[in-house]
Amino acid sequence: MIVDEQRTKVQREPRRDLRKKPTWMTVDDGATKIECFILDVSPGGAKVVTDATLDVRDGFLLALVPEHTTLQSCEVVWRRGKTYGVKFLE
């Protein structure tokens, strides 16, 4: 089958590669800290890897900069094994 349609290229947000920057996430209203690694980040979300089991639509707080106490609200939008794509909620 021959298809002559060209696929339109979707412009993605610029991403910043962080080379497995170690940080942490909190669940249960901050009661539980879980170590994770940020693989890359964009203005709308991030790709993280962790040993914790997260499901799509799970929410948590993510420390983008481990030295600071500022936390970003996130929601899981996809998962592949231990790697998760999250979107920022605020």
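Visitor: Which residues does Val86 touch, leaving out those up to four places away in sequence?

Guide: A contact here means heavy atoms within 4.5 Å. On that basis Val86 touches Gly44, Gly45, Ala46, Val48, Phe60, Cys74, Glu75, Val76 and Val77. The model is predicted, so local features need pLDDT of at least 70 and side-chain atom pairs count only at pLDDT 80 or more, while totals for chains, interfaces and linings use all residues. Residues are numbered from 1 along each chain as its sequence is written, and side-chain values use heavy atoms, with hydrogens and water left out.

Visitor: How many helices and strands does the protein chain have?

Guide: Helices (H or I, at least four residues) and strands (E, at least two) are DSSP runs, numbered from the N terminus. In this protein chain there are zero helices and six strands. The pattern along the sequence is β-β-β-β-β-β.

Visitor: What share of the residues of the protein chain count as buried?

Guide: Buried means under 20% relative accessible area, exposed over 50%, and partly exposed in between, with a 1.4 Å probe and protein chains only. The protein chain has 90 residues, of which 36% count as buried. For the surface, accessible areas come from the Shrake-Rupley method with a 1.4 Å probe, and for residues only the protein chains shown count as cover. The protein chain exposes about 6,700 Å², and carbon and sulfur atoms supply 48% of that area.

Visitor: Which members of the largest nonpolar core touch the most other members?

Guide: In soluble globular proteins, nonpolar side chains tend to be buried together. A nonpolar core is a set of buried Ala, Val, Leu, Ile, Met, Phe, Trp, Tyr and Cys residues joined through side-chain atoms within 4.5 Å. The largest one here has 17 residues, and Met25, Val48, Phe60, Leu62 and Val86 touch the most other members. At least two residues of this core come from each of β1 (16–27), β2 (32–42), β3 (45–49), β4 (59–62), β5 (72–80) and β6 (83–88). β2 gives the largest share, four residues.

Visitor: How many disulfides does a search of the whole structure find?

Guide: A disulfide is a pair of cysteine sulfur atoms within 2.5 Å. The search finds zero disulfides. Cys36 is in none, and its nearest cysteine sulfur, that of Cys74, is 9.0 Å away.

Visitor: Which charged residue lies over the face of Trp24?

Guide: A charge sits over a ring if NZ of Lys or CZ of Arg is within 6 Å of the ring centre and within 35 degrees of the ring normal. For Trp24 the residue is Lys33, at 4.1 Å from the ring centre. At Trp78, the charged end of Arg80 sits over the ring, 4.3 Å from its centre.

Visitor: Thr26: which residues does it touch beyond those up to four places away in sequence?

Guide: Thr26 lies in strand β1 and is buried, with a relative accessible area of 5%. Thr26 touches Thr32, Lys33, Phe60, Leu61 and Leu71. Thr32, in strand β2, is partly exposed at 31% relative accessibility. With the sequence neighbours up to four places away left out, Thr32 touches Met25, Thr26 and Val27.

Visitor: Where is Arg57 found?

Guide: Arg57 is in the loop between β3 and β4. Although Arg57 is not a glycine, its phi is positive, about 80 degrees. Arg57 is exposed, with a relative accessible area of 63%.

Visitor: What separates the C-alpha atoms of Val65 and Thr23?

Guide: These two residues are 42 residues apart along the chain, and their C-alpha atoms are separated by 7.1 Å. Val65 is in the loop between β4 and β5 and counts as partly exposed at 32% relative accessibility. In strand β3, Lys47 is partly exposed, with a relative accessible area of 27%. Lys47 and Lys20 are 27 residues apart in sequence and 9.8 Å apart in space, C-alpha to C-alpha.
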